[in-house]
Amino acid sequence: MTILCVRFQLPPAREAALPALLGLLEEFTPVVEALPPDGALADLRGAERYFGRSAVELASVIRVRALALHGVDCVIGAGPGPLTARMALRAARPGVTRAVPEGEVHEFLGGQPVAALPGVGAATARTLCEYGLDTLGRVAAAPLSTLQRLIGAKAGRELHEKANGVDRGRVVPNGVSRSLAAERPFEIDELDSDRHRRALLSATEELGVRLRAVGKVCRTLTLTVRYADRSSTTRSRTLKEPTAHSAALTRAAYGLYEALGLQRARVRAVVLRAEALGPAEQASYQLTFDPVDEKVRRVEEVADRVRAKFGPGAVKPGTLAA
């Protein structure tokens with residue numbers, strides 16, 4: 001077992017701690033792939049040889065250090081490849097590393113539901129289940145030609161390989177997620193447009209905090225509205241300039257929502273996704289001489305420092321709304 005998949009149990013809006021936690025992993029190996037907002041993959045092949053310890057033993061040290069230095073517990077899955085480590089993470093619990101040795105990969109995967117495999121969406125899982133292929137063991141035993149007829153040539157081949165334990169993935173150092181998402185479900189199907197907008201405001205503030213915490217900006221904002229009948233509508237908008245500022249994200253989200261022209265729609269949830277992420281220091285911006293805009297950005301910086309010190313509840317939602 002050489003790959004760890006770690007999910008740090010960060011409280012909401014505490015993603016500012018993620019860079020430091022990634023630094024903790026990098027004390028053991030330089031091959032660390034960030035999985036914002038709260039996770040990472042770490043390739044410990046070199047570390048096992050250097051420290052003379054197994055990946056599971058090193059995982060225990062990582063957990064203790066995360067607790068001692070940052071007050072953050074973590075859940076860890078271990079396996080011979082990234083795919084197996086991710087799958088093991090699903091079965092892990094705090095305090096115990098869920099490890100899948102190389103010789104047990106087939107047995108471990110065989111009993112997993114097909115929907116648990118990373119990359120298998122709800123539609124694909126539903127199609128496979130309709131033909132009795134509800135576990136990875138049954139998918140692995142199915143003829144490749146059958147899978148390709150059901151879900152396509154390329155997707156069928158990839159699914160067949162993964163179900164049989166073939167993991168072609170690798171840990172990409174310093175790789176970061178190309179998108180961040182914030183979902184706001186409603187307790188009951190919601191008709192009130194004002195409540196829809198308040199949910200969007202909360203989601204954009206969360207995205208802004210998370211983007212600034214990892215030093216990223218987004219170029220595209222995507223809104224998905226899920227309805228009571230389980231249908232959904234998705235719209236995207238390319239921003240005038242890349243941003244991580246909550247006020248700018250809120251304006252774009254409101255614009256996407258208004259363009260839908262919803263009339264008494266029963267909304268079950270709204271999901272906002274910041275996409276096409278890039279480093280904030282490399283982004284170009286149009287100069288502005290608006291003192292109001294400058295003031296909002298300064299208030300935002302102060303609010304981020306307050307959240308980092310006292311927690312997400314220290315700043316009232318809507319404080320930075322445009």
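Modeller: Helices (H or I, at least four residues) and strands (E, at least two) are DSSP runs, numbered from the N terminus. This is a predicted model, in which local features need pLDDT of at least 70 and side-chain atom pairs count only at pLDDT 80 or more, while totals for chains, interfaces and linings use all residues. Residues are numbered from 1 along each chain as its sequence is written, and side-chain values use heavy atoms, with hydrogens and water left out.

Biologist: Which residue follows H11, and what is its phi?
Modeller: Helix H11 covers residues 246-260. The residue that comes after H11 is Gly261, and its phi is positive, near 60°.

Biologist: How far apart are the end C-alpha atoms of H11?
Modeller: The expected span is 1.5 Å times one less than the number of residues, so the 15 residues of H11 should span 21 Å. The separation of the end C-alpha atoms agrees with that expectation, because it is 21 Å.

Biologist: How many of the 15 residues of H11 are buried?
Modeller: Buried means under 20% relative accessible area, exposed means over 50%, and partly exposed lies in between (1.4 Å probe, protein chains only). The buried residues of H11 include Leu249, Ala253, Tyr254 and Tyr257. H11 is largely enclosed by the rest of the structure, because the number of its residues that are buried is 11.

Biologist: Within what distance do the axes of H10 and H11 come?
Modeller: Axes are lines fitted to C-alpha atoms, for helices over the stretch in contact, and angles run from 0 to 180 degrees between N-to-C directions. Where contact means heavy atoms within 4.5 Å, Leu200, Leu201 and Thr204 are among the residues of H10 that meet H11, whose side includes Ala253 and Tyr257. The axes of H10 (residues 193-213) and H11 cross at roughly 140° and come within 8 Å.

Biologist: How are H1 and H3 set to each other?
Modeller: The axes of H1 (residues 18-26) and H3 (residues 55-70) come within 11 Å and cross at roughly 140°. In this pair, Ala20, Leu21, Leu24 and Leu25 of H1 meet Ile62, Arg65, Ala66 and His70 of H3. Angles under 35 degrees count as roughly parallel, over 145 as roughly antiparallel, 65 to 115 as roughly perpendicular and the rest as oblique, and H1 and H3 are therefore oblique.

Biologist: What is the relative accessible area of Arg264?
Modeller: Most residues other than glycine have a negative phi. Arg264, in the loop between H11 and strand S9 (267-275), has a positive phi near 55°. Arg264 counts as exposed, because its relative accessible area is 65%.

Biologist: Is Ala276 buried, exposed or partly exposed?
Modeller: Ala276 sits in the loop between S9 and strand S10 (278-279), and its phi, about 55°, is positive although it is not a glycine. With a relative accessibility of 31%, Ala276 is partly exposed.

Biologist: Which residues is Pro113 in contact with, leaving aside its neighbours within four places in sequence?
Modeller: Pro113 lies in the loop between helix H5 (105-110) and helix H6 (122-130), and with a relative accessible area of 42% Pro113 is partly exposed. The C-alpha atom of Pro113 is 9.0 Å from that of Leu133, which is 20 residues away along the chain. Beyond its sequence neighbours, Pro113 contacts Asp134, Thr135 and Leu136.

Biologist: Which residues of H4 are buried?
Modeller: Helix H4 (residues 82-90) is mostly covered, with seven of its nine residues buried. Those buried residues are Pro82, Leu83, Thr84, Ala85, Met87, Ala88 and Leu89.
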